Amino acid sequence: MSNEPLEGGQAGAGGGHAALPSTAAGGRPRRDARGHEVQRRTILAATAGLMVAPWVAAGRAFAAPPKIYIDPGHGGTDAGAVGNGLQEKALTLAISLQLRDILRANWTVDIRMSRTSDITRSLDYRTSDANAWGADLLVSVHINAGGGTGFESYRYPTADAATVRLHQNLHPRILAAMRSVGSVTDRGLKTANFHMLRESNMPAVLTENLFIDTFADANLLKNSAFITATARGHAQGIAAYLGLGDPPPSYTTTVDNATAGRFTASANWGTSTFSSQRHGVDYRYANPVLASDPAWFKVNIPAAGNYRVEVWHASDPGYNASAPHIVVTASGNQTVNVDQRSGGGAWRSLGTFNLAAGDYNLVGVSRWTSAAGYVIADAVRVSRV
Ligand SMILES: [Zn+2]
């Protein structure tokens with residue numbers, strides 16, 4: 001906004017919501033470069049933890065997800081800049097909520113926001129909240145004003161290397177995402193003594209996403225595709241800074257006993273349409289026997305990774321109480337026993353497994369059990385997680 005001299009980089013006096021003079025902080029120390037180094041090591045440790053996990057359970061590594069603080073500028077009684085029928089506080093919230101959702105949909109992250117609705121938050125509340133939570137990074141989202149055009153972003157003038165890296169990861173990705181929708185001037189990476197940048201204890205960047213009082217900019221801000229692109233650019237920059245990698249492609253596939261070329265079983269396995277809980281047209285059944293004669297579901301796994309494996313079976317009090325299901329994982333076969341007397345007609349998770357890429361027999365329903373009752377093989381669903 002033009003009346004916020006340091007926020008928008010515009011000259012002039014004003015109410016400086018983001019521009020508390022340094023003495024206003026009571027003479028307390030400025031951003032602590034060593035504190036940032038500590039923070040940076042924490043992030044690197046968390047990232048490394050994905051490979052060298054301190055805790056490993058059921059073959060799956062758990063590491064603390066990175067803590068991302070999103071600050072939608074203004075809100076409540078503070079509309080921020082206004083122009084062309086738009087309010088800054090509404091635009092910053094729209095971008096920030098989409099940013100949160102995009103991050104959550106694509107990566108394992110911990111997110112906190114200074115607000116998720118149209119409420120008033122002081123600048124002190126925002127930085128105190130982020131500091132108390134122990135955020136790994138902070139991004140403050142704003143819309144510019146003052147008659148200029150384009151996108152610019154800010155870090156604190158004496159920010160440490162981690163902050164510079166965050167800034168350099170964010171800026172070009174946001175710009176590129178904006179330019180996928182419309183023509184946007186690059187006003188560059190800048191520095192300023194803003195409250196949000198100065199009083200936060202973690203790498204922090206403030207973005208000024210076009211000028212609300214410039215007609216062409218406002219037209220882009222009225223375009224929902226532009227808002228989404230802006231949010232996506234922020235998400236991509238944060239993910240790149242944290243080394244989260246590209247989002248895994250979503251993948252799920254279902255193999256039924258009737259799926260051509262994807263199910264094999266010996267002649268000992270009968271075919272039934274007895275239960276209305278069947279998946280597809282029919283299902284297969286066999287008597288238990290202390291010998292190896294599994295029915296196999298073949299699944300094409302597109303890439304190595306973690307997948308949730310589920311099975312569907314019809315159930316009946318006379319079916320098997322402990323039907324062994326063999327899952328061929330990247331580290332060898334794992335067997336999960338399923339009580340098929342109940343719980344049928346729905347997907348049941350066998351668990352999440354690390355699987356190798358390739359088209360292979362993934363799930364085998366074994367007859368080799370001492371439990372009585374028919375063993376049922378009906379369908380398998382595999383989803384990347
Ligand atoms: Zn603002």
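In this predicted model, Tyr69 is buried, and Trp133 is buried too. By the ring-centre rule used here, the count of aromatic pairs comes to five. In the Tyr69–Trp133 pair, the ring centres are 6.4 Å apart and the planes make an angle of 55 degrees, which means the pair falls in the tilted class, since edge-to-face needs over 60 degrees.

Another aromatic pair brings together Tyr285 and Tyr374. Here the planes stand at 70 degrees with the centres 4.8 Å apart, so this one is edge-to-face. Again, distant parts of the chain are linked: Tyr285 sits in strand β14 (residues 283–286), while Tyr374 is in the loop between β20 (358–365) and β21 (375–377), 89 residues apart. As for accessibility, Tyr285 is partly exposed because its relative value is 26%. Tyr374 is also partly exposed, at 35%.

Back to strand β3, which is part of an open sheet. Six strands make up this sheet, in the order β6-β3-β7-β10-β8-β9, and the pairing is mixed. The edges are taken by β6 (110–113) and β9 (186–191); each has a single partner strand, so one side of each has no neighbour in the sheet. On average, neighbouring strands are turned by 20 degrees against each other, direction ignored. As a general point, strands in a sheet pair through backbone hydrogen bonds, in either a parallel or an antiparallel way.

At the β6 end, β3 (residues 67–72) pairs with β6 in the parallel sense, over four bridges. Ile68 stands opposite Ile111 of β6. Helix α3 (residues 123–133) lies across β3, β6 and β7 (137–144), and runs at about 170 degrees to β3.

Then there is strand β8 (residues 151–155). Five of its five residues are buried, so the rest of the structure largely encloses this strand. Both of its faces are covered, with Phe151, Ser153 and Arg155 buried on one side and Glu152 and Tyr154 buried on the other. On the β9 side, the pairing is parallel and spans five bridges, with Thr191 of β9 as the bridge partner of Arg155. To get from β8 to β9, the chain passes through helix α4 (residues 161–179), making a right-handed β-α-β crossover. With β10 (residues 204–211), β8 pairs in the antiparallel sense over four bridges; there, Tyr154 stands opposite Leu206.

Key. Residues numbered from 1 in each chain as written. Predicted model: local features only at pLDDT ≥ 70, side-chain atom pairs only at ≥ 80, totals over all residues. Heavy atoms only, no water. Pairing = 2+ DSSP bridges. Helix = DSSP H or I, 4+ residues; strand = E, 2+ residues; numbered from the N terminus. Axes fitted to C-alpha atoms, helices over the stretch in contact; angles between N-to-C directions. Contact = heavy atoms within 4.5 Å. Phe/Tyr/Trp six-rings, centres within 6.5 Å; stacked < 30°, edge-to-face > 60°. Buried < 20%, exposed > 50% of the residue type's maximum accessible area, 1.4 Å probe, protein only. Right-handed = clockwise from strand over helix to strand, strands pointing away.
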